[in-house]
Amino acid sequence: LRLMKLKIKKLKFLAGKPVCMIHELTASKLSLHVGNRISIENKKGKKIISIVDTIMGIISKNEIAVSEDIIKELNLKDKEIVDIKIISKPYSINLIKKKLEGHRLNKQEIREIIENIANNSLTEVEIAFFVSAVYVRGMSLEETRNLIKAMVEVGNKLNLNGKIYDKHSIGGVAGNRTTPIVVSICAAAGLKIPKTSSRAITSAAGTADVIETIAKVDFSINEIKKIIKKTNACFVWGGFLGLAPTDDEIIKVEHIVNIDSIPQLLASILSKKISIGSKYILIDIPYGDCAKVSKKQAEKLKTAFLNLAEKFDLKLEVVLTDGSGPIGNGIGPLLEMQDIIKVLSRKNPPKDLEEKSVFLAGKLLELAGKKQCQKLAQEILNSGLAFQKFKEIIKAQKGNINNLNRLKPKFFYNIKIKEKRKIKHIDNELINKLARIAGCPEDKAAGIYIHKKKNETTEKNQPILTIYTISKEKLNYAKKFYKENKREIVEFYWFD
């Protein structure tokens, strides 16, 4: 039923998803309420589903203000007339309720929910109920397989030729920035490894945030194909490409409700890998105190990955690694990039970051059928070939490693202790929180530098951590957080 024609009023606002604002009196006339859905159709018949908000004063009764997402999707002009239709609640809400009640969902039911997330038919609250249902009730292996399949099918695909390699860490370890090093080593060895990465959700930086300190990470699929053809690899932000796009919506909601369920973690990782065409995949599962998972959970997760890989005909290997503390010295985009360059350029590299990167690169080279892979990975790194490849990729992504010199923190604070002590433990979660309070990942130059690691001894009045910020206010917040949590952030052995 065609209900109303309204005139577009451009207000230039970003919402991260299709959202519109209608005059309160117009909404009342249509019996529309905040959070309801409407279809907006342009003069060419192209439609988009939008969530409704109401407003008084800024727009008139015959106008509708829409978010930039809608302007872009429908190519709308100011004062253009659009058709508005009320959309009833999707059937997938009943399916989410079914899952909440503990029932299994079949292939078609899961597909319906994922399609509704993709086309914006479900609100964030409704997606949160789906996330909670999966978290509380779990998913069978078959349900998880169908979730992955649906997430792949509603998104774009990269469609590259040849054998495609990839690696992924489930995260949870501060500073664990192995990806740029692993990709550079493997691409220098001749592997095709298009790396799509995420931005940080709860950590101080994601790989995309780190690469962005020196290069672009937002590229179209065609642009990525050119970069890979030139260099064998890339470091790009996956969220820009529309690969398994519902995953990004689900992750946003998981962050809000602070839930990270195993089926959704499996689906998130594998849907992105399948969408990009990866067939040979290495999964890194860090475990331990303050990591995302314990050793027992890591083993269960490994089994689930391997079972799903079989169903999708993937050549997948899973490694369990020590995730009990931060890796590298820098936590935050700028500081993590400095660590990466130290490893690649062979100039005073953090040993733990180098060793883990070489280990992972060796495992990926094994998947490619290479010989003496750990030795080969180390040789490629030591020879400078990996650094040369890294610079090639960065140049292809319109960047330069010298761009790093433009980023400088304005304020810093050294955290020292009053006596000689040996470090027992540094908490991953809290060190990430401290870095985020300092401004990460939005402030690229903000972060935490770790001077001393687990089992190292710090002398009297020697710094153990340095906090970097771009504002005095954030520095004060970070200092306050450290003082309130210092016993948990860094734990020491007691000397007799």
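**Surface patch, salt bridges and a pocket**

Me: Which residues make the nonpolar surface patch of about 270 Å²?
Reply: Leu100, Val125 and Phe129 make this patch. Patches consist of residues with over 30% relative accessible area and no salt bridge, with like charges joined within 9 Å and nonpolar side chains (Val, Leu, Ile, Met, Phe, Trp, Tyr) within 5 Å. Accessible areas come from the Shrake-Rupley method with a 1.4 Å probe, and for residues only the protein chains shown count as cover.

Me: What kind of model is this, and how are residues numbered?
Reply: This is a predicted model, in which local features need pLDDT of at least 70 and side-chain atom pairs count only at pLDDT 80 or more, while totals for chains, interfaces and linings use all residues. Residues are numbered from 1 along each chain as its sequence is written, and side-chain values use heavy atoms, with hydrogens and water left out.

Me: Where does Leu100 lie?
Reply: Leu100 belongs to helix H3 (residues 92–100). Helices (H or I, at least four residues) and strands (E, at least two) are DSSP runs, numbered from the N terminus.

Me: How many salt bridges does the structure hold?
Reply: There are 33 salt bridges, each being a side-chain nitrogen of Lys or Arg within 4 Å of a carboxyl oxygen of Asp or Glu.

Me: Which residue does Glu126 pair with?
Reply: Glu126 forms a salt bridge with Arg37, with the closest N and O atoms 2.2 Å apart. This pair links distant parts of the chain, 89 residues apart: Glu126 is in helix H5 and Arg37 in strand S3 (residues 37–41).

Me: Are Glu126 and Arg37 buried or exposed?
Reply: Both Glu126 and Arg37 are buried. Buried means under 20% relative accessible area, exposed over 50%, and partly exposed in between (1.4 Å probe, protein chains only).

Me: Which residues are linked in a network of salt bridges?
Reply: The network links Arg199, Asp209, Glu212, Asp218 and Lys444.

Me: Switching to helix H7, why is it largely enclosed?
Reply: Nine of the 10 residues of H7 (residues 179–188) are buried, so the helix is largely enclosed by the rest of the structure. Just after H7, Gly190 takes a positive phi of about 100 degrees.

Me: Which residues lie nearest the centre of the second largest pocket?
Reply: Ile417, Arg421, Tyr482, Lys486 and Phe492 do, out of 17 lining residues. Strand S13 (411–416), helix H18 (472–489) and strand S18 (490–493) each give two or more residues to that lining. On a 1 Å grid over the protein atoms alone, a pocket is an open set of points with protein on both sides within 12 Å along at least five of seven lines, and lining residues have an atom within 4 Å of a point.

Conventions
On a 1 Å grid over the protein atoms alone, a cavity is a set of points where a 1.4 Å probe fits but cannot get out, and a pocket is an open set with protein on both sides within 12 Å along at least five of seven lines; lining residues have an atom within 4 Å of a point.
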